[in-house]
Amino acid sequence: MLEQLCREREQDYASLSRMVGRNSAYIQQFIRRGTPRRLPEQERRLLARHFGIAEQLLGGSSHSAATAGLVPIALLDLAVSAGPGTEGGSEMPVAQIGFDPAWLNRLTSAGPDELNLVQVDGDSMANTLLPGDDILVDRSDGEARVRDGIYVLRIEDSLLVKRLTLHPVTRRVTVQSDNPAYADWPDLSLSDIKLIGRVIWTGRRVA
């Protein structure tokens, strides 16, 4: 995890080592040689704050979702566009959100490694989905079982969240926005889009 963070955020090991009060080779030795085997709590806390992620993702476990009997689902550093499209973000987890397993089983039979939380960016799916909403995406429920519903999908280089309607005979799809200010994309082949997964839940802050 730490090596991936450094690579994606273009952070050098020596600077991070000095930030946590260690010699310049400390982080490199931890990543490449496994020394120390586990980062001390204070260093995990400093690095988690620096990268803006949950401390548990760097090895902290005292208050993890799993120890509370919850199923941890990764919240990705990724925004899906409910608008013209986006290429921003990454698939790097920034936190783990705990869900009650019985409640989760009522939504899906997918395992936690097939589920992710991402954030909505844009207003083309308003008022169903609003900017800043967190959505739970079931990646096991994609093209093989495609049907009418809301999906995260990729068209060319844009990652989108849209409503799909499927023609029962031709199996061609219309990509729709719930906001009438945005135009639909009608009569597409499934080969024209890449389905990432079906949106099965959303949560938002009440203003």
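Residues are numbered from 1 along each chain as its sequence is written, and side-chain values use heavy atoms, with hydrogens and water left out. Because the model is predicted, local features need pLDDT of at least 70 and side-chain atom pairs count only at pLDDT 80 or more, while totals for chains, interfaces and linings use all residues.

**Aromatic rings**

A pair of aromatic rings is described by the distance of the centres and the angle of the planes. Rings of Phe, Tyr and Trp (for Trp, its six-membered ring) pair if their centres lie within 6.5 Å, and planes under 30 degrees apart count as stacked, over 60 as edge-to-face and the rest as tilted. The count by this rule is three aromatic pairs. One of them is the edge-to-face pair of Phe99 and Trp201, with 5.6 Å from centre to centre and 90° between the planes. This pair links distant parts of the chain, since Phe99 belongs to strand 2 (residues 93-99) and Trp201 to strand 9 (residues 194-203), 102 residues apart; helices (H or I, at least four residues) and strands (E, at least two) are DSSP runs, numbered from the N terminus.

Trp201 also pairs with Trp103: the ring centres are 5.9 Å apart and the planes stand at 90°, so this pair too is edge-to-face. Trp103 lies in helix 5 (residues 101-107), 98 residues from Trp201, and here again distant parts of the chain are linked. Phe99, Trp103 and Trp201 form one aromatic cluster. The table gives their relative accessible areas, where buried means under 20%, exposed over 50% and partly exposed in between (1.4 Å probe, protein chains only).

| Residue | Relative accessible area | Class |
|---|---|---|
| Phe99 | 7% | buried |
| Trp103 | 26% | partly exposed |
| Trp201 | 28% | partly exposed |

**Strand 9 and its partners**

Two strands pair if DSSP finds at least two bridges between them. Strand 4 (residues 134-138) and strand 9 run antiparallel and are joined by five bridges, with Asp134 standing opposite Gly203 in strand 9. Strand 5 (residues 149-155) pairs with strand 9 in the antiparallel sense over four bridges, and there Val152 has Gly197 as its bridge partner.

**Asn116**

Asn116, in strand 3 (residues 115-121), counts as buried at 12% relative accessibility. Its side chain is joined to that of Arg139 by a polar contact of 2.7 Å; such a contact is a pair of N or O atoms within 3.5 Å, where within protein one must be able to donate a hydrogen and the other to accept it, and residues adjacent in sequence count only if both atoms are side-chain atoms. Leaving aside neighbours within four places in sequence, the residues in contact with Asn116 (heavy atoms within 4.5 Å) include Ile73, Leu76, Ile135 and Val137.

**Helix 1**

In helix 1 (residues 2-9), Leu2, Leu5 and Cys6 are buried. They cover an arc of only 100° around the axis, which puts them on the same side of helix 1; the arc is that of the directions from the helix axis to the C-beta atoms. The buried residues of helix 1 pack against helix 2 (13-19), helix 3 (26-33) and helix 4 (41-51).

**Backbone features**

The peptide bond from Thr35 to Pro36 is cis, with omega near 0°, and Pro36 is found in the loop between helix 3 and helix 4. Glu156, in the loop between strand 5 and strand 6 (158-166), has a positive phi near 55° although it is a residue other than glycine, and Glu156 is exposed, with a relative accessible area of 73%.
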